[in-house]
Each structure stands twice: as structure tokens, then as C-alpha cells.
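Please view the sequence and the structure below before reading on.

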Amino acid sequence: MNSRPASFDELDRKIVTALMENARTSFAEIGAEIGLSSTAVKRRVDRLRETDVITGFTATVRPSALGWRTEAYVEVYCEGAAPPRRLAEVVRGYPEITAAMTVTGGADALLHVRARDVEHFEEVLERIRAEPFIRKTISVMVLSHLIPDSPEAGAALLAPDGAADVR
């Protein structure tokens, strides 16, 4: 990886936008849209990857197809000052936690949790609460996504125990 700042011009912005809309768009298609050859687009994409502007390519999947039917955000309140590194170590042990971040305000962290169902979510929540430095949690269940095509509405991991629904 390169640590120097990457130059990022309007053509790069158009390439990144095209790939964010559909990561499977060919370099030839992108080039035709923005006035570059496919080789020039590839060189730019390679540079954007080397400089960590583009960090990867993913598929967005309907969570219920992977067995995730329940979703919640959990505010985590810690005893004392739990270092972010320690929180990161703990949340990596939970496949149900799809995102975790430290936050401002009263809570120390915010977790995005997916589960098979409410009972599974309750079990995950009890495991989180059993961590020695967790003082309390406050949960908010997601009822629906107002922006259904957002990355948060998709899923990246299968639910445990192969609980996939392929309908």
C-alpha cells in the first residue's frame, strides 16, 4: 500500500462513481462513458487501489437470503474508559456484529447487529452484556429501511447454522 496522497481528478471521480453503482461494469464500458480507453481506465483503477481510494469490491445481498431476518443497533456503555482497540477485539468475535464504531455522546460504541430472529438477537445481546467491561446496552430494532439500496440494507456474511432462505 502506498502512503502518499493520491491525486484524484474528475475522471477518477467518474470511475469511482461508476464502480460504486455497479462494481461489475467493464473498463471498456466505463471508458466509453467518460472518454478513455479501457487500458487507461484499468491503469487508473489500479492506481486507485494501490493508494487505498478503492479498498475492495463487494456484492450486496438481501440479508434474509442469508438467514438474517432481525436487525438492530446497540449502544454500548463501558465501565471506565474502554480503549477502542479492546472493543474492536471483542466485537470481532461476534459474526452477528456487522459494523462497530466508537461514537460521541453518552454511549462508548454503536454496534450494528444482524440475527436470525429475535431469540437469536437476545442471545447475542446477552453475550455482549456478559463482557466484563460492558456496563449497559440500549438496543433499537430496525423495522424497515427507508433507503433500501443503501449498503446498510445489504449483508456480507451468512447467518450461522446455514439458516439461509433462498426464496
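## A residue with positive phi

Asp52 has a relative accessible area of 36%, and is therefore partly exposed (buried means under 20%, exposed over 50%, partly exposed in between, with a 1.4 Å probe and protein chains only). Asp52 lies in the loop between α3 (38-50) and β1 (70-78). Its phi is near 65°, a positive value in a residue other than glycine. Most residues other than glycine have a negative phi.

## Basis of the model

The model is predicted: local features need pLDDT of at least 70, side-chain atom pairs count only at pLDDT 80 or more, and totals for chains, interfaces and linings use all residues. Residues are numbered from 1 along each chain as its sequence is written, and side-chain values use heavy atoms, with hydrogens and water left out.

## Overall architecture

The protein has 5 helices and 4 strands, in the order α-α-α-β-α-β-β-α-β from the N terminus. Helices (H or I, at least four residues) and strands (E, at least two) are DSSP runs, numbered from the N terminus.

Of the 167 residues of the protein, 34% count as buried. Among contacts (heavy atoms within 4.5 Å) with a separation of 6 or more, 71% join residues 24 or more positions apart.

## Cavity and pocket

On a 1 Å grid over the protein atoms alone, a cavity is a set of points where a 1.4 Å probe fits but cannot get out, and a pocket is an open set with protein on both sides within 12 Å along at least five of seven lines; lining residues have an atom within 4 Å of a point. Grid points are joined across faces, edges and corners, and a volume is the space filled by probe spheres set on the points. The search of the whole structure finds 1 cavity of 30 Å³ or more. The largest cavity has a volume of about 60 Å³, and its lining includes Val76, Leu87, Ala109 and Glu131. Helix α4 gives the most to this lining, with 3 residues.

Of its 22 lining residues, the closest to the centre are Leu19, Met20, Thr58, Thr60 and Pro151.
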